[in-house]
Amino acid sequence: MVACAQHVVSAHNEYIVLSSGCDSGVKKGMTGKICAEETVGGRAVTNCSARFVVTSVSEEQSIAHITKGDGNSAAGKRANFDLKLVPSSKCSSRIITPPKRDEAAEFLRDADRTFREGDYGGALERYESFLHAYPNHDKVDFAANRAYECRVKLGRTATPAMVPPSSAVPAVVPPPNTTVQVTPATVPTPPPPVMSEVPSGIQQADKLAATAEHSFQLGQLRESRAAALQALRLDSTNSRAGNTLRAVQVKLVQARFNAPSDVAVIDASCYVADAGNNTIRMIKAEATTTIAGAAGEHGSTGGSALQARFNDPDGVGVAQDGTVYVCDRYNAIIRKIGSDGNVTTIAGRAGLSGKVDGAASSARFNEPRRIAIAGDGTIYVADTGNHAVRRILPGGGTVETVLTSSTSDRVDPIGLAIDANGNILIADAWSHVIRKIDHVGQLSVVAGLPGVSGSVDGPVGSARFNAPEGVAVDSDGVIYVADTANDTIRMIVNGEVTTAAGRAGLAGAVDGSGASARFNHPSGIRSDARGRLWIADSGNQAIRLMTDGFVETVSGLPGSIGTSDGTN
């Protein structure tokens with residue numbers, strides 16, 4: 001009736017493991033019945049009690065689901081297929097071949113990637129094959145739990161017991177014209193894999209992802225985005241939510257940037273130095289607008305917002321009265337955008353670089369990059385080309401040098417922030433450190449080692465950064481760093497440096513929590529009154545927002561350069 005003998009190696013609830021795989025001709029979807037042979041009155045009698053369908057196949061074994069009868073009583077009995085098996089040296093069915101021992105880690109990583117991509121059927125096959133090949137591996141409990149999560153997501157509840165290949169009953173081909181008495185194989189049944197309940201957060205994330213997909217299909221884009229973001233807050237690996245969110249962004253988001261370099265926040269408005277477009281933009285509510293400059297046109301003209309021109313405006317700040325200040329980098333001047341929209345120069349002279357203190361009109365700068373505004377109205381400027389920190393005093397506008405480089409310690413300030421005690425924090429990109437100027441003008445290193453780059457977390461003296469361009473401090477005194485060349489956001493608190501979001505060396509544009517998020521050359525950052533962190537993700541042409549460790553894109557379409565105003 002069949003080309004080779006098959007036995008039920010082990011059974012667990014509704015699933016059984018058979019001793020034959022694709023090498024014997026077994027294919028996924030084949031059906032058959034479980035039989036036992038007995039001798040009654042000197043005659044061989046075959047009794048069949050249960051039916052099955054093959055659900056998974058490897059080279060030497062297969063897994064079947066009992067569709068009728070009792071699977072638990074099937075161990076050791078014979079499996080008769082409805083179709084004749086044809087032995088084959090090749091496995092033509094879609095299978096997953098158990099890898100060699102030295103490939104176990106890579107095989108498990110492939111299963112994890114498939115799981116994160118949302119292909120739960122493919123992931124289930126991979127995890128089951130891993131369990132089958134490596135029953136004693138130290139990751140077997142993890143793989144069993146993940147396999148169980150896959151079954152829950154696929155609407156299945158039972159789990160087959162997995163057995164090592166060495167315990168399989170070898171196929172036996174009976175000699176011609178010979179009656180064979182089949183002796184049930186004695187194989188110890190291993191305990192089922194350790195299972196755990198799927199976390200409620202993951203289940204809720206799946207429901208929200210489905211809601212996001214449904215809303216997207218109905219054209220309810222904002223509702224779809226809200227549901228997708230909530231799903232990602234619960235489970236950053238939910239690929240359904242991530243895919244829907246990207247689809248929503250393509251359809252909904254009209255605003256475009258060109259290498260946005262810095263942000264400033266007050267009340268419900270975020271101002272953006274859109275350096276590549278030579279404009280200053282504003283994000284408010286659900287839209288982005290240009291408040292000064294003209295995209296694609298550079299110059300130094302003042303006047304109304306429509307007339308004003310900039311030349312690579314790299315830094316932006318906003319005072320408590322709502323006045324916006326700009327570091328106009330290649331014009332080597334500091335500009336002001338008043339409440340009436342008029343743009344004026346408050347220090348320096350367009351096109352004349354230098355390092356001169358004194359009255360505002362006589363002062364000279366060299367590629368000023370970033371700006372920070374103290375509570376008393378003093379404006380601090382990272383005068384990067386001069387390797388100095390300058391300040392513009394309130395009232396008369398006199399310019400003074402606060403810090404300049406020494407021959408033994410070069411300082412290249414870019415990002416600036418002021419903490420509650422009046423200390424000036426500096427992101428020193430060239431030296432790969434965060435520095436501080438205290439209230440008496442003393443310079444010190446807050447974190448990192450001057451001249452040594454890296455991506456190390458830990459105590460501030462052991463931590464390493466890579467060309468940080470942004471620094472911010474919140475109301476609790478926590479310091480945040482845009483670790484630009486590492487594509488991460490770092491955090492300094494209680495003398496320890498940790499990575500708050502992103503992963504060093506992995507650039508991308510992924511919304512999510514902590515290490516799941518991805519950035520591309522994050523530059524300027526600011527903390528708002530609610531403790532949220534606004535980030536100019538320069539390489540992604542987007543503005544990101546981090547709230548309680550969760551990163552989302554609030555304006556711009558990652559990877560798409562443009563000049564358009566419009567919806568966020």
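Author: Terms first. Helices (H or I, at least four residues) and strands (E, at least two) are DSSP runs, numbered from the N terminus. This is a predicted model, where local features need pLDDT of at least 70, side-chain atom pairs count only at pLDDT 80 or more, and totals for chains, interfaces and linings use all residues. Residues are numbered from 1 along each chain as its sequence is written, and side-chain values use heavy atoms, with hydrogens and water left out.

Reader: Pockets, then. What volume does the largest pocket have?

Author: About 1200 Å³. A pocket is an open set of points on a 1 Å grid over the protein atoms alone, where a 1.4 Å probe fits, with protein on both sides within 12 Å along at least five of seven lines. Lining residues have an atom within 4 Å of a point. Grid points are joined across faces, edges and corners, and the volume is the space filled by probe spheres set on the points.

Reader: Which residues are closest to its centre?

Author: Val-318, Gln-320, Ile-373, Ala-374 and Gly-375, out of 46 lining residues.

Reader: Which strands supply at least two residues of that lining?

Author: Strand 7 (260-266), strand 11, strand 15 (368-373), strand 19 (413-418), strand 24 (470-473) and strand 29 (522-527).

Reader: How does the lining of the largest pocket split by class?

Author: 26 nonpolar, 12 polar and 8 charged. Ala, Val, Leu, Ile, Met, Phe, Trp, Tyr, Cys and Pro count as nonpolar, Asp, Glu, Lys and Arg as charged, and the others, Gly among them, as polar.

Reader: And what is the volume of the second largest pocket?

Author: About 590 Å³. It has 22 lining residues, and Ser-236, Arg-246, Val-510, Asp-511 and Ser-516 are the closest to its centre. Helix 6 (residues 239-252) gives the most to this lining, with 7 residues. By class, the lining of the second largest pocket has 9 nonpolar, 8 polar and 5 charged residues.

Reader: How many bridges join strand 11 to strand 12?

Author: 5, with the strands antiparallel. Val-316 stands opposite Val-326. These two strands form a hairpin with 5 residues between them, and Gly-322 in the turn has a positive phi of about 90°.

Reader: And how many between strand 12 and strand 13?

Author: 5 again, also antiparallel, with strand 13 covering residues 333-337. Val-324 has Ile-337 as its bridge partner, and Cys-327 has Ile-334. This hairpin has 4 residues between its strands, with Ala-332 in the turn at a positive phi of about 60°.

Reader: Last one, Asp-267. Buried or exposed?

Author: Exposed, because its relative accessibility is 75%. Asp-267 is in the loop between strand 7 and strand 8 (269-274), and its phi is near 50°, a positive value in a residue other than glycine.

Methods
Pairing = 2+ DSSP bridges. Buried < 20%, exposed > 50% of the residue type's maximum accessible area, 1.4 Å probe, protein only.
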